[in-house]
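Dear colleague,

I am passing on the structure that we spoke about, and below it you will find my notes on what was found. Please read them with the model open beside you.

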Amino acid sequence: MTAPPLPPGRPDARLAWRPLQRSTRVAIIAALAATVFYQLFLLNPAYRGPGWLWIAMLAAEGLTALHLVGTWWTILAHDDRPEPVDATVWRNRLRAGGDVPSIDVFITAYGEDPALVRTTLLAARDMDLPHDTFLLDDGDSDELRRLAEEAGIGYLRRPGGAHAKAGNVNAGLARTDGEFVVIFDADHVPEPNFLLSILPHFQDPDVAFVQSPQSYTNNVNLVATGSGEAQRIFYELVCPGKNHFNAAFCVGTNVMFRRTALDSIGGIWTGSNSEDIWTSIELHKRGWKSIYVPQVLARGLAPEDVPSYLKQQLRWAGGGFEVLLRGRLFRRGSGLTIDQRLQYLFCGTHYLLSLAMLTFMLFPALYLLFALSPIRADGFAWATHYLPFQAAVLLVTWLQSGGFKLSAIVASIGAVPVHLRALGGVLIGRPSVWKATNAGGSGARSLWAVMPLVALLLLNATAIAVGILVMADPAPTWLSVGWASMIVLILGRMILESVTGGRIRQRPAAPITRAVTPRPAASRELPAAPAGSEPQPVPAGA
């Protein structure tokens with residue numbers, strides 16, 4: 001897999017931080033009304049089917065409505081305030097050669113392609129403003145050591161590999177002393193103006209970290225495009241709203257921290273596979289501020305095969321469920337504002353939507369095979385309540401995001417089983433083992449990875465055949481057949497992507513080539529830390 005290039009001639013490339021247009025606000029208000037209209041229909045006892053099935057539908061639809069309302073509320077808080085004057089003044093002073101605080105830049109690596117890591121190293125080294133760059137290698141790669149030495153970049157290796165990426169960063173913190181710390185994953189190539197764009201936001205001494213978006217360059221197949229589209233919508237629509245509530249959270253890369261803020265909580269959180277969001281929570285609990293900057297300042301690689309994508313989703317979902325179930329978000333005296341608690345809550349309900357999706361995928365088969373329906377209503381009554389709700393949801397997303405791709409829907413539904421697996425792991429206290437996502441993927445082919453999807457596809461395909469053969473009531477039967485057929489098509493597309501290894505539609509652009517300027521080697525190995533010297537996690541809810 002080639003490393004992503006730095007797009008030439010785009011030093012100020014930005015996400016479209018769209019002002020929330022009046023039409024979008026009106027659409028959201030209409031969507032809220034449609035949601036209430038539909039929920040009242042579901043709650044009407046006159047339309048109730050079998051009790052257990054009706055309750056299942058209420059739970060699924062209620063969860064969906066809760067998350068949608070939370071998302072719309074966040075979007076309505078769209079933060080389009082201008083940059084603080086103090087930040088602009090500081091940036092101009094830096095451009096003019098003013099004093100620059102000490103900055104350490106960390107690139108975390110664990111078995112990635114050396115060519116990919118090299119591109120990131122050179123781009124990080126050559127960013128504007130004076131700084132020190134370090135490669136934190138948890139993969140003990142002598143080739144990466146050589147690359148770092150050739151580029152004049154600090155090389156830090158630690159023994160043991162405890163606490164995965166969080167432990168790697170904490171070990172780097174223990175061996176450096178910069179006032180500010182930047183973290184990049186090995187596949188995220190920064191723009192030259194990253195530091196100049198981010199640093200001035202620390203003019204406020206209460207700002208703990210500044211987060212910029214993730215942006216993917218390799219839209220080469222369904223998985224990569226779907227994953228990238230979902231991230232685009234999150235960073236364009238949701239993050240500006242979270243920023244308004246001082247609830248923007250770290251996503252693990254493309255982020256700058258104030259070292260004193262990290263020191264105040266004992267370093268990066270090590271008690272979870274999702275160290276980024278837990279670190280954010282602990283900082284917010286202690287009154288620190290966060291800032292989200294909607295400027296694309298680094299570009300990375302999305303997974304390109306289904307196994308890599310599902311591995312990523314398993315880890316992310318596990319972190320979301322840990323926050324939801326163990327974060328003690330609503331405990332008195334936690335230090336979080338009500339707005340922050342709700343915003344962190346929505347991180348967990350996002351992945352909990354997979355439980356609702358699974359429920360919806362079972363309903364057509366239950367009717368076609370067993371004539372069971374949660375709602376007893378004619379097609380017209382159901383359509384007049386459901387269709388306005390669904391249309392309003394799609395309209396809101398379309399207006400603000402400038403459209404969306406079907407690949408994002410396919411990838412989202414394809415991840416349902418691993419999200420539920422992550423939920424089960426958190427419930428029984430056995431979260432998944434941390435594994436680095438194979439950035440860009442390796443073209444892995446796997447039927448086993450999508451066996452739950454195969455089972456759902458066969459169930460719905462069988463239900464379609466049975467429903468047509470024994471059709472008793474044409475209207476609801478054909479409605480269920482249409483619903484089940486859509487499910488079969490979506491699941492089939494994801495299964496095909498997995499067994500073919502994610503066929504590449506187009507090759508990514510060639511990686512950038514820069515001459516490596518020899519510099520004095522700064523390679524260092526971390527000695528074994530004395531007992532008790534490694535930064536320890538602060539207990540949740542402390």
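Leaving aside neighbours within four places in sequence, S227 is in contact with Y216, A302, P303, Y309 and Q312, where contact means heavy atoms within 4.5 Å. S227 lies in helix 8, residues 222-244, and with a relative accessible area of 4% it is buried (buried means under 20% relative accessible area, exposed over 50% and partly exposed in between, with a 1.4 Å probe and protein chains only). Helices (H or I, at least four residues) and strands (E, at least two) are DSSP runs, numbered from the N terminus.

Before going further, please note that this is a predicted model, in which local features need pLDDT of at least 70 and side-chain atom pairs count only at pLDDT 80 or more, while totals for chains, interfaces and linings use all residues. Residues are numbered from 1 along each chain as its sequence is written, and side-chain values use heavy atoms, with hydrogens and water left out.

F202 is found in the loop between helix 7 (194-198) and strand 6 (207-211), and at 3% relative accessibility it counts as buried. Not counting residues up to four places away in sequence, F202 touches W90, F180, V207, A208, F209, V210, M256, F257 and R258. F202 and F180 are 22 residues apart in sequence, and their C-alpha atoms are 9.5 Å apart in space. R93, by contrast, counts as partly exposed at 42% relative accessibility; it lies in helix 3, residues 85-95, and is 107 residues from P200 in sequence but 9.8 Å from it in space, C-alpha to C-alpha.

Turning to the aromatic rings, those of Phe, Tyr and Trp (its six-membered ring) pair if their centres lie within 6.5 Å, and planes under 30 degrees apart count as stacked, over 60 as edge-to-face and the rest as tilted. By this rule the count comes to 19 aromatic pairs. One of them is the stacked pair of Y38 and F389, at 5.2 Å centre to centre and with 20 degrees between the planes. Because Y38 lies in helix 1 (residues 22-43) and F389 in helix 13 (residues 379-401), this pair ties together parts that are 351 residues apart in sequence. Both Y38 and F389 are buried. F321 and Y351 form an edge-to-face pair, at 6.4 Å centre to centre and 65 degrees between the planes, and this pair links F321 in helix 11 (residues 306-326) with Y351 in helix 12 (residues 338-370), 30 residues apart. F321 and Y351 are likewise buried.

Helix 11 and helix 12 pack at an angle of about 130 degrees, with their axes 8 Å apart; axes are lines fitted to C-alpha atoms, for helices over the stretch in contact, and angles run from 0 to 180 degrees between N-to-C directions. That makes helix 11 oblique to helix 12, since angles under 35 degrees count as roughly parallel, over 145 as roughly antiparallel, 65 to 115 as roughly perpendicular and the rest as oblique. Among the residues that meet there are W316, G320 and F321 in helix 11 and G348, Y351 and L352 in helix 12.

Helix 11 also packs with helix 17 (residues 474-500), at an angle of about 115 degrees and with the axes 8 Å apart, which makes helix 11 roughly perpendicular to helix 17. Here V306, P307 and Y309 in helix 11 meet M494, E497 and S498 in helix 17.
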